[in-house]
Amino acid sequence: MSSLLRRRTTPACRYALVASLALVLGGCSTSPGKVSHYTPAPAAIQEKVDCLAPPEWHDGSEASQPASDLRGSVPGGFVPVQVVRCQQDFLEQAGVYTRVVRQEHLEGDYSALLAALAQPSDRANGNMACTADAELLPALWLVNADGQAIHVVWPVDACGKARGKPDTAKALAGLTVGEVQVQTEKESGQ
């Protein structure tokens, strides 16, 4: 029995135990110096909020841009007077899919939201352990006094997830839902 205890307490066994704990507890963390920070390019100013535009939309013409290319950070000098959150779901009935989008106009003090959106995102510089689950975030639009809109991106951690940067979600939770509009779009099933 005493030889079994000695094997468990050797330096190699202790190192393996510490290494295993570091992998399990590390989750999405990296060693120091492996994460850099960046701020996305400013969002393009658009004529209006478009909750039905899919993020990767592109009509193939040179004049159009994928909607994902129009998203970005809050441009300097852009002062929102309205915040719109677009939440979507899909319903299927007899092979016909209907996309249902709730366009929620959020009211309140936007200062906490603007501060959260100003946080830089993280980028992994090398290998890191991240969970493989998908994170679905509602589209977020800011509208200025002239009615111009920007589609902003949420700050993300080095795993590309907003839950690692929770201030945006907390700021949105501090706002109240005012007007709600529901939009639908039908697509044929395959």
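In which strand is the place of V182? In this predicted model, V182 belongs to strand β7, which covers residues 176-188. The relative accessibility of V182 is 54%, and the residue therefore counts as exposed, the threshold for that class being over 50%. Together with V177 and V180, V182 makes a nonpolar surface patch of about 230 Å².

The average pLDDT of the chain is 79, and 72% of the residues score at least 70. Among the elements, helix α4 (residues 111-117) has the highest confidence, at a mean of 97, whereas helix α2 (residues 11-26) has the lowest, at a mean of 39. Throughout residues 1-33 the pLDDT remains under 50, and the model has 14 contacts beyond four places in sequence for this segment. A pLDDT below 50 is also found over residues 56-64, a stretch with 10 contacts in the model beyond near neighbours in sequence.

Attention was next given to charged pairs. Side chains of opposite charge can pair when their charged atoms come close. With a limit of 4 Å between a side-chain nitrogen of Lys or Arg and a carboxyl oxygen of Asp or Glu, the count comes to 7 salt bridges. E104 takes part in a salt bridge with R85, in which the closest N and O atoms are 2.7 Å apart. Because E104 is located in strand β3 (residues 96-107) and R85 in strand β2 (residues 80-93), this pair ties together parts that are 19 residues apart in sequence. Both E104 and R85 are buried.

E104 also forms a salt bridge with R102, with a separation of 2.9 Å between the closest N and O atoms.

K165 lies in the loop between β6 (149-152) and α5 (167-173), and D122 lies in strand β4 (residues 121-124), so the pair ties together parts that are 43 residues apart in sequence. K165 and D122 are both buried.

Conventions:
Residues numbered from 1 in each chain as written. Predicted model: local features only at pLDDT ≥ 70, side-chain atom pairs only at ≥ 80, totals over all residues. Heavy atoms only, no water. Patch = residues over 30% accessible without salt bridge, like charges linked within 9 Å, V, L, I, M, F, W, Y side chains within 5 Å. Areas by Shrake-Rupley, 256 points an atom, 1.4 Å probe, with all protein chains shown as cover. Helix = DSSP H or I, 4+ residues; strand = E, 2+ residues; numbered from the N terminus. Buried < 20%, exposed > 50% of the residue type's maximum accessible area, 1.4 Å probe, protein only. pLDDT = per-residue confidence, 0-100. Contact = heavy atoms within 4.5 Å.
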